Each structure stands twice: as C-alpha cells, then as structure tokens.
Amino acid sequence: MIEIKGLKKSFGKHDVLNGIDLTIHDKEVVVIIGPSGSGKSTILRCINYLEQPTAGEIIVDGISMGDAKSINNIRKEVGMVFQRFNLFPHMTVLENIVLSPMKTRNESRKEAEGIAIQLLEKVGLEDKKTAYPETLSGGQQQRVAIARALAMKPKFMLFDEPTSALDPEMVREVLDVIQNLAKEGMAMAIVTHEMGFAREVADRVLFIDEGVIREEGKPDDIFFHPKEERTKLFLSKIL
Amino acid sequence: MSFDFSLIWDSLPLLLAGAGVTIEITIIAVGFGFILGLIISICRLSSVKILKILAVCYINIIRGTPMLVQIFLIYFALPMIIGERINPFVAAVAACSINSGAYVSEIFRAGIQSVDKGQMEAGRSLGLSWMQTMRYVILPQAFKHVIPPLGNEFIAMTKETSLVSVIGFEELTRRGQLIIAKTYGSFEIWLTVAAIYLVMTLSIAQLVSFLERRFATDDRN
C-alpha cells in the first residue's frame, strides 16, 4: 500500500502540487489524468523520490522516507517506467535488465538472466535479448523498460505517460503489456492521455488540476458522469 | 648564416632521448591527471557540499595560476615547508599531474553532463545508488564523449612539459638548451626540437582519431 498525505511540491516559486492525499491499495490500478502541467507526473516522481517533496509524507509499504537507505529501499519496491524509456544505450537488452538485480540484490548473473529471459518472454521480446536499444522500435524499447523495472520484483509500478513518445501503431503493444500486469494483480499508478485505455484498466481514476485532486471515482463515473466543471471541460476537449 | 646539418645529426640521439623523457612524463602526468580529474569531477557533481566546494577551489586555483608558477611553488617553495629537497622528476610529474587534473576534471564534468538526465533517473529508480549509476551507466557513456577533448589535453600536456626545463629537468627542451650552450647552434637545434614536438603531437592526434572511430563503431551492434 502506498499512502500519500498532504504532498506538496514547489519548484522555486512555482507550486506544482498543493496538497495531495492519495492511497493506492495492493492490486489497485489508479489512473491519473489531467491537463499538462497539472502535476500528474510530479506525483509519480515524488513517490520514488526522483523529486524531493516540499511537504507531506509518503509511506510505501510501511517504509517512510528518512535517510538515503530507505529511499533506496523504497525504490526497490517501486518500479518506474518513463515516457522516454531511458534504456541504457551502451548495454544490450539483457544487460539492461540484469544490471540492477545483480548490483543491488547480489543475484548471480545466471539467476538474473534466467529471470530476465522470463520477463522478456512476458513482454514478447525474448528474441531481442542481445540487441542494443537503438536497434529497437519505440514500442519494443518501452516493453524492455517495463521488463527491466519488473526484474526488481517491485510491489508497485509507476507509469509516467508510457505511450506518449510512441508512434500511434506501437501504442497498443505497450498498453497490452500493462493491461496484463494489471490482470496479474500488480498495483500501479498510470499517468496517461489514452482515455480508452484508462477506462479499460483503471479501478479508480483521478482527475488532477492545478496540483490538487479535483475529482476521483470509478472510470465510468468520471468519464460519463463527471461532477466537477473542470473535469467536464477537460474531458470535452479530449474525448 | 650557415645551416649546419651535421650538428642536427650529431645532436639527434641526445634530443631523441630527451623526447623519450618528455613522453614518459606526459604519459605519467596525463595518467595521474585522468584519475585525479575523474575524482574531482565526481566531487564537483556530487551533492555533498564540502566535496563540491573543495573541487571548485582546486579547479579555480589551478586554472587561474600559471603552470610555470605552480612548478616553482612545488620545486622551490614546497621544500621550505617539508624541509627536504624534492627530486626534479617527482616535482615535474607532480606539477604536471596536478595541473592536468584540473583540466581533465572539467572535461569529465562536461562529458558526464552531456549524458541525458533520464539515465541517472532510470538508474536511481531501479534502486542503484548514485555512485553505482555513475559507474555502470553514466561514465561508460561519458567516456565516449570525452575522447576528443582528452586527446587535446594530451597534446597540450606534451607541449607544456617543456616548462619543467626551468627546474633543470632534462626533457626535450632542456636537452636542446644544453646542446645550444655548448654549440651555439640555436637555429638548428630549436628547429629540430620543434620538429620532434610536432611529430609527437601529430602522432597523438592520429591515435585519438583512431580511438574515436573505434568507439563510434562500438556503439552499434
């Protein structure tokens, strides 16, 4: 369970998050939508401390943010997938996946590669294990990035606009992988502009605007019966 | 004015031996400079404030004072503090290494900063520490970017080692001076010395562009 209490984040004078309270339960899929610049991504980035919260508390599986050690412990529990994949270009697909398990969990190469190959099978890329990232399409790179995050055996996955940098024909293959993870019961928070996907996969949808949660609820309620004017306005622009 | 070819021919063995010493000191200085520069650049970029301040001070002091003065300080002033004479070779290597370290650290800093920010974030989000991400993710990518400027530093250092002739250390330039003192053949000897430096620096330039090509192709599958 991830508990966020009173999370605030400012960059200089610019307030991005103005008090977010959010609990993500085990096996729950939370989709975060909202206009760009509303702070959606910042919430995810605060959860694993890529951004230092200005105020508030984040508790991941009972681990609260304290010293550097607990930050690294939290990061081992929380996998993150980025908009721009961020694969390591000087390593093969397999090396990308085994690096962290070998260095932070002291897994042997054999053990780590065994798991990596299973994960590559899961994302449908077992034949690409010796390829370098730049030889892969965007969709393939993002699936490798998902496999890499899963290799740390996280309890939670954070997806920061995972399909925004992809060509349209590659969006589906990535969404399918995420959807399968959801079916397996992985708890996750997804920031996305894919509203159809959000409806299919979400247990709960949050609409964020100007750094606060304006509205939250079941996908059908948010998409078909929004209560807030802001939500209606936003949805009318994108649906 | 007559040009004495036989003087060049006769002096060549001594000058080439001097060139050997120049190469030796350059390689040692750039080697230490490399290690020193790597450490300093990492301190400079770390979030530990005291390390950052120390690194910035080091870089500014070394880059802001003439290398000639640094050599004098190490060879003449330092013995007054430690109460012991310093061997010219040690002084020469120390001065060149310390100097090179400052320049190399800035080369590394630029190389590290040229690596996309997302790489550090990806490493950290996978639970790697800052240092682990640096070592396995950032530096291997940065090294490729720093080969050309490091080559320049190597060439610059080859030439700058001529400054240690002032403390009587017998590298190429000092050998030239000594031969001229005996033979008065300024023109022939300095021309030869210049030619030898040129051959050395051009060879390094060749080596660097070879390495550059190697690493450029290594990138692909």
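How many salt bridges are counted between chain B and chain A? The count is one, where a salt bridge is a side-chain nitrogen of Lys or Arg within 4 Å of a carboxyl oxygen of Asp or Glu. This is a predicted model, in which local features need pLDDT of at least 70 and side-chain atom pairs count only at pLDDT 80 or more, while totals for chains, interfaces and linings use all residues. Residues are numbered from 1 along each chain as its sequence is written, chains are lettered from A and ligands numbered from 1 in the order in which they are written, and side-chain values use heavy atoms, with hydrogens and water left out.

**Where chain B touches chain A**

- The contact (heavy atoms within 4.5 Å) takes in 27 residues of chain A and 20 residues of chain B.
- About 2000 Å² is buried between chain B and chain A, with carbon and sulfur atoms giving 56% of that area; buried area is the accessible area (1.4 Å probe) that two parts lose on being put together, summed over both.
- The salt bridge joins the side chains of Arg45(A) and Glu121(B), at 2.5 Å from N to O.
- On the side of chain B that touches chain A, the elements that give two or more residues are helix 5 (117–125) and helix 6 (130–160) of chain B, where helices (H or I, at least four residues) and strands (E, at least two) are DSSP runs numbered from the N terminus.
- Helix 5 of chain B gives the most to this side, with seven residues.

**The sheet of chain A**

- Four strands of chain A form an open sheet in the order 2-1-4-5 with antiparallel pairing, two strands being paired if DSSP finds at least two bridges between them.
- Strand 2 (14–24) and strand 5 (63–64) of chain A each have a single partner strand and stand at the edges, so one side of each is left without a neighbour in the sheet.
- Strand 1 and strand 2 of chain A pair in the antiparallel sense over eight bridges, and Leu7(A) has Ile20(A) in strand 2 as its bridge partner.
- The hairpin of strand 1 and strand 2 of chain A has two residues between the strands, and Gly12(A) takes a positive phi near 60° in this hairpin.
- Strand 4 (residues 55–60) and strand 5 of chain A pair in the antiparallel sense over two bridges, with Ile59(A) opposite Ser64(A) in strand 5.
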